[in-house]
Every structure is written in C-alpha cells, then in structure tokens.
Amino acid sequence: LCRGGLAERLCRLQNRERSAISFWRHQCISDDKIPSDKSGVLIVKILEIFEECTIQVAICQQLEQSPVTLSPEDALINAEEPILKVLFTRETAAHLKSRPQDVIHIYPPWQKLLLQNADVPVIMNTYFSQKVLLSEHSEAREKTYGPTKMLIRKNIISLAQTFRLDDLDDNLRQESSDNQVVCAPQTHNTRDSKRHPLALSAVNDSLLEMVESQGAVGWRDVQVRVVIQRVYCLPAREGYRSHTQGNKPLCTAPVTNSDPPNVRLCLLVQDAYGMFSEVQLQSLSSTDDIEQYCRRWEGKPCCLAGMKILQRTTRGRALGLFSLIDSLWPPVVPVKVPGQSQDSEMMTTNLPPPSFCYILTVQSGEIHVEVDEEEQISNLYQPPAVHGLKEILRINGCNERCSFWAQVLYQRLQTKHNVPIDQREMLLFVTDSSLQNVAHGIPKVVAVSVTASCVLSMETIEALSHGSHLFFKDVLWGNGRIICVERTVLLLQKPLLCSAAGADLSELTGPVRLDELDSTTQASSVCALRGTVVGVNESTAFSWPTCNRCGNGKLEVCPQDRELLYCNQCSEVVTTPVLKMQLEVFLSCPSRSQSTVKVKLLQRTISSLLMSSASEDGTYEMQSVLGKEVGLLNCYVHSVTSHPNCISLEEIVL
C-alpha cells in the first residue's frame with residue numbers, strides 16, 4: 001500500500017474497527033451482563049431472517065424498552081410498533097446466532113437509512129449488538145427448536161438485476177422455501193439428490209459473482225455455467241492429502257507416478273466473462289482414464305454446483321497455473337464485461353490477462369459437475385496450438401506453454417543423490433520431421449525434462465519404453481528447455497481438436513539420425529559417435545558369466561560339481577553360460593581432436609571389437625583392439641569438462 005494513501009488509511013480504519021468490536025464483545029462476555037449505558041440503544045424483536053448478498057437481513061419490530069423489564073405478556077408483538085429492516089454482516093450474524101422472536105440490543109453508532117419509495121427504514125452499522133432473552137422464552141424456544149441448526153433463506157440477486165442489464169426474470173429471484181441454505185453441514189440423502197438434478201437450481205454465468213454472493217463455505221442451490229478448457233491430473237499435495245468422499249478417504253498413500261489413487265482429476269474452466277478457475281474433482285482409480293476425460297470433456301459446456309473455495313491464488317504464487325492461463329489468453333471470442341451492457345457491440349477482447357484465480361473443490365455427498373457431452377464444442381474453447389519442434393526452439397520468451405507431436409527415442413532417469421526414485425526427473429529425447437529434415441544449425445533431437453509433478457498414466461509409461469509417438473500437451477518452454485510440469489498431459493493419440501498452425505503431425509517412418517559429436521555437444525544429450533580406439537580403461541574392464549536361459553548374472557558354484565555353475569532363479573545347472581563384458585575405451589574423434597573421449601560400450605559392440613582378439617586362455621590383449629575403428633554409435637553424454645578436456649559417454653539403444 002502507498003504510504004499515506006487512501007487504501008492504507010482504509011486498512012488502518014478497518015483494523016481499528018475490528019479491534020473495537022472484539023474489545024466490546026470481550027467486555028460484554030467478561031462482565032456477563034448488558035452494558036449499563038442505555039442511551040441511544042435500539043431494541044428490536046426479530047420477526048423474519050433471510051440472507052442477501054452475504055448480508056443477513058432481519059425484519060424486526062422496534063420495542064420501546066428491554067424485555068428484561070417487561071412481562072412475557074407485554075413482550076408479545078404489538079402491531080402498532082414500527083417495523084425496521086436491520087442489516088447484519090456475516091461476522092455479526094455468526095456471533096449473534098439469531099432466530100425469530102429473539103430480542104436484540106443495538107448500541108451506537110448505528111445508523112438509520114430512509115429509502116425512497118420504501119416504507120421500512122434500514123438500520124446499518126450494527127456491529128455492537130447483543131442478544132437478550134427472557135429465561136421463560138429461552139426455555140420455550142429450546143423446546144420448540146431443539147438443538148437443530150436453523151435454515152436461512154437466501155435471496156439470489158443477479159448482477160443483471162443489479163445493473164438492470166436484462167429484463168427482470170422472476171425465476172432468478174429465489175425466494176421460495178426450496179431455496180434454503182443450511183447454516184451448518186447436514187446429512188443429505190443421496191437418493192433425493194439424484195431425483196433433483198442440478199438443472200432445477202438457478203444458473204449463473206459468472207464465477208466471480210458466485211464467489212462473492214455465495215462465499216467460500218460452499219455454493220448451495222445455485223450453479224454456474226462454464227467451459228472446460230483443459231483436463232489434467234495433479235498429484236495429491238505433500239504426498240498424503242486425503243480427499244474425502246462421504247466418510248471414506250480415497251487416497252492416503254505417498255504420491256508416485258505408479259500409484260494412481262494419489263492423483264486428482266482437475267478441470268481448468270472459464271466463464272463468459274473470461275475468468276478462470278481450477279476445479280479439483282475426485283481422485284482417479286486409474287490415471288489411464290485421463291485420456292478419455294480429455295476427449296469427452298475438453299471444450300464442452302459444464303455446470304458447477306456445490307463448490308467450495310480452497311484458495312485464491314495470484315500470478316506470483318502460481319506461475320505454472322498462470323502460464324497455462326496465459327496460453328489461453330486472450331479469448332478467441334469476445335467476452336462479457338462486468339457492469340456493461342451485454343450487446344454484441346459492447347463486448348471486447350481488449351482486456352488485461354487475469355491476475356488471480358480461485359481454486360475450487362467439490363463438497364462430499366452431492367452432485368457437483370454436470371458436463372453436457374452431447375452439446376457442441378463451445379466457441380470459447382481454445383484447443384492446444386500444436387507446433388513443430390523446430391518452431392518451438394525458435395520461440396523467444398520464458399515460461400511459454402506449447403504442444404507438439406513427437407517420437408520418443410530414448411528415456412533416462414536422472415540420478416541424484418538423496419532424492420527418492422519417485423521424485424527424480426526423467427529425460428526424454430524426442431524428435432519429429434521438422435528436426436530430422438533440417439541440415440544444420442538446429443539439433444535433430446531435443447531433450448524433454450519430465451518433473452516428478454507431471455502425472456503419467458501407466459499406458460504412457462509403457463509407451464515410453466517402446467519409442468512410441470506421443471502428444472505433449474501444454475509443456476513449458478523457456479531458457480532453452482522443454483519441461484513437462486504440473487498440468488502437462490502426455491497422450492498416446494493426437495487430440496480430435498487441435499490448432500496445427502502448419503505443423504507436420506505425420507509419424508516418422510525412416511531411420512532416425514542423431515547429431516554427431518562436435519564442439520557444441522553438451523552434457524545430458526544424445527549424439528552419434530565414430531572414432532579410432534586409442535586406449536582401454538583396464539581398471540573398469542571385466543567379464544562375468546550369466547545364465548543362458550534367464551540371463552541371471554549371479555551364478556553360484558554347483559554343490560555337486562565344483563566345475564559347474566548353478567542358477568538359483570532357474571534352479572538348474574548352467575552348462576553353457578553366456579559371457580558378459582564391460583569395457584570402456586578411449587577414442588580419437590576428428591570432430592573433437594583436442595578432447596579425451598571415453599565411451600562405455602554395449603555388449604554387441606564389445607563382442608564385435610573383440611571378435612578376433614581372444615587369446616588361448618580366454619583373455620584379451622589391449623594391443624589387439626588399439627587402432628580399430630568403431631561407429632557410428634548412438635551415445636548418451638554423461639559429462640563434458642574443460643579442465644581436463646574430457647567427454648564421458650555411454651552407448652545406448654534408441
């Protein structure tokens with residue numbers, strides 16, 4: 001806040017006001033009596049209570065003196081006493097817990113407002129209020145009402161009525177007995193809820209209006225119509241958050257990509273005014289369901305009800321969420337502007353991007369989300385804009401969301417000390433036709449980092465090991481890296497609706513080429529390598545026998561015959577073991593002539609290199625492999641150092 005500005009002064013005034021109210025209430029409780037000063041005290045008896053725009057409105061009758069000094073007969077309603085409309089804030093109403101027939105003392109500085117064309121005065125500024133009851137009346141009330149919670153009628157006033165934007169619709173003003181809100185959680189009959197679908201309640205088109213009118217506790221008997229822009233899964237927070245449905249927790253185990261019950265289905269929705277909200281729905285029994293939800297729900301209109309606010313987040317606190325929102329802004333069609341006429345010529349898309357977003361969740365035991373899958377795709381929906389990898393590498397910007405279709409060539413789990421396996425990043429090396437057809441200047445393969453917060457289905461994890469084509473939706477691009485983060489979705493098939501923008505979505509059919517090792521090769525990348533063997537790392541070279549049936553490399557000496565080997569997995573004697581070897585060689589490469597290039601070879605390359613070099617005793621002389629040519633090898637680059645000038649690689653299979 002600006003020092004000395006209006007906002008700072010207002011904040012101080014509100015703080016002083018809250019302190020004065022709290023001190024006054026504490027004094028009343030500690031004294032256990034009504035304040036003795038009666039000058040200016042307004043005494044009213046409540047006749048009726050309802051709620052409107054988060055304010056509790058009490059229709060009251062003014063009394064001349066306190067019921068403490070009256071007999072029960074004299075405290076009855078007198079038709080000649082004036083009728084008042086008393087306004088209580090939500091906090092004051094929660095403190096008073098008023099019911100009809102209660103008597104309230106309202107202490108100064110209350111104010112009376114006389115409205116034009118209205119016979120009933122309005123009493124405001126009722127912070128200093130206290131409930132007073134006769135002991136006989138208190139006992140009678142307890143017998144009448146008992147300990148049950150009271151139902152408060154809620155009047156739903158739309159913004160269209162407030163600003164007189166549309167014709168007044170009597171159906172929007174919910175004043176019937178059906179439109180009641182329970183002051184505390186109640187037990188609902190699930191069969192009754194199924195008989196009364198969401199379509200019977202009032203429908204709104206503004207998320208912000210619903211939040212302001214219904215509050216954070218929960219939306220009741222009203223719903224808001226939105227468009228589903230994205231469907232994705234999020235891991236349960238802190239590994240152990242349990243989403244409760246009824247009395248049964250759906251997930252209580254740590255989060256891992258292979259532990260589907262710990263992920264929650266989420267929707268990013270947008271209303272007719274362009275405002276976004278993230279709706280966190282139920283936990284999924286299987287992450288494999290995410291693909292069908294994406295196909296069935298994205299772009300479809302949806303009605304939300306029974307929501308409650310988890311959090312109001314801002315751009316600075318949720319960069320990942322707002323990077324996704326920014327990719328959907330501005331809207332593809334004009335959106336409504338609050339407080340303006342909704343004629344088409346008044347609509348505009350020249351609006352700043354959203355600066356805040358409400359995180360919503362469902363309340364247990366009720367119908368919450370109604371997706372009309374039969375309805376056409378909304379005009380407000382923005383399908384993912386698909387780019388070629390070549391085009392993405394040329395995007396200038398940071399934290400840009402983009403989507404692409406590519407073939408996965410190789411995956412590697414990043415090894416970090418003191419980091420559990422389920423929290424490690426995974427590197428995927430991918431390519432597409434836009435990279436394979438480029439001559440120079442752009443890499444033929446790019447690395448995609450998959451963070452632990454990116455939820456992968458079991459089908460996707462299996463497809464990664466087979467080098468399948470995948471659709472990467474809403475990945476994050478910035479600072480030369482492509483990252484799969486929260487709200488990124490990896491799909492086995494291209495979406496039905498996507499904005500290709502000239503991108504080639506065809507699958508690669510021919511052999512894939514890698515960039516050859518050169519001076520630009522960096523660590524944690526893949527490359528092709530050829531060269532001449534100039535040395536062998538004898539300290540790491542060794543061989544060991546394996547079972548020819550199951551491949552078990554931990555064979556034991558057979559108890560019956562010490563000259564034979566025994567496999568515990570097969571429970572049989574191994575008569576013809578397969579010899580496996582580990583070998584690291586130093587190569588002289590023309591493309592890195594000043595560097596020491598060390599490569600850990602695969603079994604097939606070792607066998608080819610040593611094919612004609614074996615001695616009679618089964619050993620190999622180092623001189624027999626020096627000078628031999630190897631390549632073209634596909635390798636993963638472990639490290640690149642300048643002092644000493646050394647490159648460490650490992651041969652891989654794409």
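**Group meeting: burial, cores and confidence in a predicted model**

Let me begin with one cysteine: Cys 60 is buried, with a relative accessible area of 0%, where buried means under 20% relative accessible area, exposed over 50% and partly exposed in between, using a 1.4 Å probe and protein chains only. Cys 2, by contrast, is exposed, with a relative accessible area of 64%. If we take a disulfide to be a pair of cysteine sulfur atoms within 2.5 Å, the count comes to 0 disulfides.

Residues are numbered from 1 along each chain as its sequence is written, and side-chain values use heavy atoms, with hydrogens and water left out.

Now to the confidence, for which pLDDT is the predictor's own value for each residue, from 0 to 100. The mean pLDDT of the protein chain is 79, and 77% of its residues reach 70 or more. Over residues 238-260 the pLDDT is below 50, and this stretch has 54 contacts in the model beyond near neighbours in sequence, a contact being heavy atoms within 4.5 Å.

Which residues of helix 7 are buried? In this helix, residues 290-297, they are Ile 290, Glu 291, Tyr 293, Cys 294 and Trp 297. They cover an arc of only 165° around the axis, which puts them on the same side of helix 7; the arc is that of the directions from the helix axis to the C-beta atoms. Their cover includes strand 11 (222-235) and strand 23 (469-478). Just after helix 7, Gly 299 takes a positive phi of about 90°.

Trp 297 also brings us to the largest nonpolar core, which has 51 residues, and Trp 297 is among those with the most contacts inside it, together with Trp 219, Val 231 and Leu 304. Such a core is a set of buried Ala, Val, Leu, Ile, Met, Phe, Trp, Tyr and Cys residues joined through side-chain atoms within 4.5 Å. Strand 11 gives the most to this core, with 8 residues. Domain 2 (201-236 + 262-332 + 354-382) and domain 3 (389-491) both give residues to this core, so it lies between them, with domain bounds coming from an automatic or database domain assignment. Apart from it lies another core, of 26 residues, among them Met 426 and Trp 477.

How values were computed:
Predicted model: local features only at pLDDT ≥ 70, side-chain atom pairs only at ≥ 80, totals over all residues. Helix = DSSP H or I, 4+ residues; strand = E, 2+ residues; numbered from the N terminus.
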